[in-house]
Amino acid sequence: MAVEPALEIDFSWHESDYMGGDYLLFLGSFGEKFRIQRNELVDEDGPFLFEPEFGEYVTLLSVDKVSDGDFYRLRLESVNGLEFLRREVI
């Protein structure tokens, strides 16, 4: 997977009903979180989109709680097929 070498991390598989089943996760030692998951999920009410505003995307990569978002964004620019969708600073 091209994201792992670009970020110099190793994802591991996790399972969560809330996240729609299996997804990939990396938790860093400083609280940063990187997640790869399907956008279309299914619950007891049927299928729904985790990120409805990005419905045309099947897979999402989320980068959360990083101190330097620009650093990771630059690293991810080398990965073919990724598109930057949104940035929120809270």
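Trainee: Which residue in β2 is the bridge partner of Glu15?

Mentor: The partner of Glu15 is Asp22. Please note that this is a predicted model, where local features need pLDDT of at least 70, side-chain atom pairs count only at pLDDT 80 or more, and totals for chains, interfaces and linings use all residues. Residues are numbered from 1 along each chain as its sequence is written, and side-chain values use heavy atoms, with hydrogens and water left out.

Trainee: How many bridges pair β1 with β2?

Mentor: Five bridges, in the antiparallel sense, pair β1 with β2, which covers residues 21-27. Strands here are DSSP runs (E, at least two residues), numbered from the N terminus, and two strands pair if DSSP finds at least two bridges between them.

Trainee: What holds paired strands together in general?

Mentor: Backbone hydrogen bonds do, in either a parallel or an antiparallel arrangement.

Trainee: What is the order of the strands in the sheet?

Mentor: The order is β1-β2-β3-β6, an open sheet of four strands with antiparallel pairing. Its edge strands, β1 (12-16) and β6 (59-64), each pair on one side only.

Trainee: And what lies between β2 and β3?

Mentor: Five residues lie between them in a hairpin, and Gly31 in the turn has a positive phi of about 90°. β2 and β3 (residues 33-38) pair over four antiparallel bridges; Leu24 has Ile36 in β3 as its bridge partner.
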